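Welcome! Please take a look at the sequence and the structure below, and then we will walk through some features together.

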Amino acid sequence: MRQPEALTPVGPAAVSAGRTMRSVSSSRAERLVNLVLCLLSTRRFLTAERIRAIVPGYADAPGDEAFFRMFERDKVELRELGVPLETGRQVGSGTTDGYRIARRDYELGEIDLEPDEAAAVALAAVLPQSAWRLSRNAVTIAHEGGHGLIALLTGRRLDGIRLHSDTSGLTVSRGRPAGIGMILTAAAGYTAPSLLGLGGAWLLAAGHITALLWGAILLLAAMLVMIRNAYGVLTVVLTGALFFLISWLTEPAVQAAFAYGVVWFLLLGGVRPVFELQSKRSGGRAPDSDADQLSRLTHVPAALWLFLFHAVTLCSLIGGGRWLLGL
């Protein structure tokens with residue numbers, strides 16, 4: 001008998017999928033990234049008209065006035081973000097102002113962090129609640145990406161991924177409503193950040209820093225195709241742009257420090273959400289969590305699935321930490 005298909009949402013806060021999210025222009029975020037890359041790639045001052053012709057996103061402006069308003073807003077935002085946007089005139093260009101970003105001003109200075117210092121930086125992004133509210137977005141990317149990857153690997157059809165501004169997420173896949181594919185997909189979320197961190201620690205221990213950075217870029221690019229909301233597009237694009245700029249613009253010492261910081265963050269940041277989930281469940285605030293979905297699928301108590309999440313994240317932290325510290 002043909003098994004019926006099930007439309008299955010999976011995520012740390014699937015019940016909040018209907019919440020209203022603040023509107024974010026993903027097209028503007030992509031345009032700003034394209035503008036920065038364009039102005040970094042030239043030593044000449046590019047006029048506004050030249051930028052309009054070569055930077056994706058500006059051609060959509062319905063007229064000259066709309067373009068100049070758009071471009072002025074983008075210049076203001078880049079300067080507010082600390083991007084050293086220069087204004088000048090190219091020889092022979094007359095009185096028309098042009099724009100560029102000097103790489104010497106934009107590149108990061110020399111950074112040389114020891115593995116234990118990188119761990120301290122990552123810990124500072126995980127422990128304080130004020131920092132965690134922002135950095136948890138990166139953990140959610142890994143969490144939902146884990147659901148999506150395993151859904152595809154087990155033969156399910158991935159409909160899309162949504163990342164929310166409250167750092168919750170939702171992954172929707174189609175396939176059998178039960179069975180090993182659905183179980184593995186549901187179990188992948190809370191374990192994905194830590195397992196990615198463990199894999200990253202192995203790469204760093206083997207000296208493959210470049211492979212780690214570009215592998216992350218490729219995974220983020222693949223995930224971007226499946227994102228189905230503006231905030232999700234914005235967070236994935238900005239995260240991917242950060243990895244790309246670090247890989248392209250910085251010296252090996254900076255790349256190494258960044259890579260160690262990212263891996264430590266995944267290892268440490270993968271532990272905290274499981275404790276948060278345990279606290280929510282004890283207060284009855286997460287009735288449709290991944291652990292509860294797994295309990296319904298397998299008839300195994302949700303508490304045992306929570307224990308599994310704890311075991312994977314803590315063992316990954318211990319094992320990955322030993323690799324990173326050379327123990």
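Let's start with aromatic rings: Y58, F67, F68, F71 and Y99 are linked into a cluster by ring pairs. Rings of Phe, Tyr and Trp (its six-membered ring) pair if their centres lie within 6.5 Å. This is a predicted model, where local features need pLDDT of at least 70 and side-chain atom pairs count only at pLDDT 80 or more, while totals for chains, interfaces and linings use all residues. Residues are numbered from 1 along each chain as its sequence is written, and side-chain values use heavy atoms, leaving out hydrogens and water.

**Aromatic pairs**

- The count comes to nine aromatic pairs by this rule.
- In one of them, the ring centres of F71 and Y99 are 5.3 Å apart and the planes are at 80 degrees, so the pair is edge-to-face (planes under 30 degrees apart count as stacked, over 60 as edge-to-face and the rest as tilted).
- This pair links distant parts of the chain, since F71 is in helix 3 (residues 64-80) and Y99 is in strand 4 (residues 98-101), 28 residues apart.
- F71 and Y99 are both buried (under 20% relative accessible area, with exposed meaning over 50% and partly exposed in between, using a 1.4 Å probe and protein chains only).

- Helix 10 (residues 252-269) and helix 13 (residues 302-325) have axes that come within 9 Å and cross at roughly 160 degrees (axes are lines fitted to C-alpha atoms, for helices over the stretch in contact, and angles run from 0 to 180 degrees between N-to-C directions).
- Helix 10 and helix 13 are therefore roughly antiparallel to each other (angles under 35 degrees count as roughly parallel, over 145 as roughly antiparallel, 65 to 115 as roughly perpendicular and the rest as oblique).
- The contact (heavy atoms within 4.5 Å) is made by Y260, V263, W264, L267 and L268 of helix 10, together with S316, L317, G320, G321, L324 and L325 of helix 13.

**A closer look at L245**

- L245 sits in helix 9 (residues 230-249).
- With a relative accessible area of 18%, L245 is buried.
- The C-alpha atoms of L245 and L37 are separated by 8.8 Å, and these residues are 208 residues apart along the chain.

**The whole chain**

- The protein chain has 13 helices and six strands (DSSP runs numbered from the N terminus: H or I of at least four residues for helices, E of at least two for strands).
- Of the 327 residues in the protein chain, 47% are buried.
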